[in-house]
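Trainee: I would like to learn how to read a model like this one. Can we take it feature by feature?

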Amino acid sequence: MLQPEKGGNPQEVKDSQKKRNASVELVDEVLALYKEWTQLGFQQNQLQKDVNATQKEITTKRKNKENADAEMEKKKELDQKVIELRPKVVGTENRMKAKARAIGNIVGPKVPVSDTEDDNQVVKTWHPDGPNGQFEKKT
């Protein structure tokens, strides 16, 4: 719903937030965090691919009884980078989801919009026993 590149319309969500008297900037913050999260996730995946390729080189050299110390050092460095990046990815995702939860549902076109409870319109009344139900007036 938020991502324009996936067919979403962030302006519709912003308009809905405005009708709710909620923060419109929240939508932009969520989009920015989403972009950061996807970039960090891409970096993490690339590093993991490099780790796997290095591990494959190490395996090949070991099978051929060659020295693989340089590849082992490279793998240790890559593993450390993956470990350092993982909390950033998770933290960014958690912040994004927390902010996204603060965005309300889309306000429908038939919903009356009002700033306070005092301005609310009575759209429909309901009684548990039906419109002809008996009830006691409290004094």
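**Reading side chains and helices**

Trainee: Is D79 buried or partly exposed?

Mentor: D79 is partly exposed, at a relative accessible area of 26%. The classes are buried (under 20% relative accessible area), exposed (over 50%) and partly exposed in between, with a 1.4 Å probe and protein chains only. Before going on, note that this is a predicted model: local features need pLDDT of at least 70, side-chain atom pairs count only at pLDDT 80 or more, and totals for chains, interfaces and linings use all residues. Residues are numbered from 1 along each chain as its sequence is written, and side-chain values use heavy atoms, leaving out hydrogens and water.

Trainee: Which side chain meets D79 in a salt bridge?

Mentor: A salt bridge is a side-chain nitrogen of Lys or Arg within 4 Å of a carboxyl oxygen of Asp or Glu. By this rule there are 5 salt bridges. In one of them D79 meets K75, at 2.9 Å from N to O. K75 is buried, with a relative accessible area of 18%.

Trainee: How many residues apart are K75 and D79?

Mentor: An α-helix has 3.6 residues a turn, so residues three or four places apart point the same way. K75 and D79 are 4 residues apart in helix α3, about one turn of the helix.

Trainee: How many helices and strands are there in the chain?

Mentor: Helices (H or I, at least four residues) and strands (E, at least two) are DSSP runs, numbered from the N terminus. The chain has 3 helices and 0 strands. Its pattern along the sequence is α-α-α.

Trainee: Which parts does the pair K61 and E71 tie together?

Mentor: Start with the atoms. The side chains of K61 and E71 form a salt bridge, 3.0 Å from N to O. K61 lies in helix α2 and E71 in helix α3 (residues 69-101), so this pair ties together parts 10 residues apart in sequence. K61 is partly exposed at 25% relative accessibility, whereas E71 is buried at 12%.

Trainee: With which residue does K14 form a salt bridge?

Mentor: With D28, where the closest N and O atoms are 2.9 Å apart. The two residues sit in distant parts of the chain: K14 in helix α1 (residues 10-19), D28 in helix α2 (residues 25-63), 14 residues apart. K14 is buried, at 17% relative accessibility. D28 is partly exposed, at 39%.

Trainee: Which residues are buried in α1?

Mentor: P10, V13, K14, S16 and Q17. Because they cover an arc of only 160° around the axis, they lie on the same side of α1. The arc is taken from the directions from the helix axis to the C-beta atoms. The cover over the buried residues of α1 includes α2; contact means heavy atoms within 4.5 Å. Just after α1, N21 takes a positive phi of about 60°.

Trainee: What box do the C-alpha atoms of the chain fill?

Mentor: Roughly 95 × 35 × 25 Å, along the principal axes. Of the 139 residues, 24% count as buried. Among contacts with a separation of 6 or more, 63% come from residues 24 or more positions apart.

Trainee: How much accessible surface does the chain have?

Mentor: About 11,000 Å², with 50% belonging to carbon and sulfur atoms. Accessible areas come from the Shrake-Rupley method with a 1.4 Å probe; for residues, only the protein chains shown count as cover.
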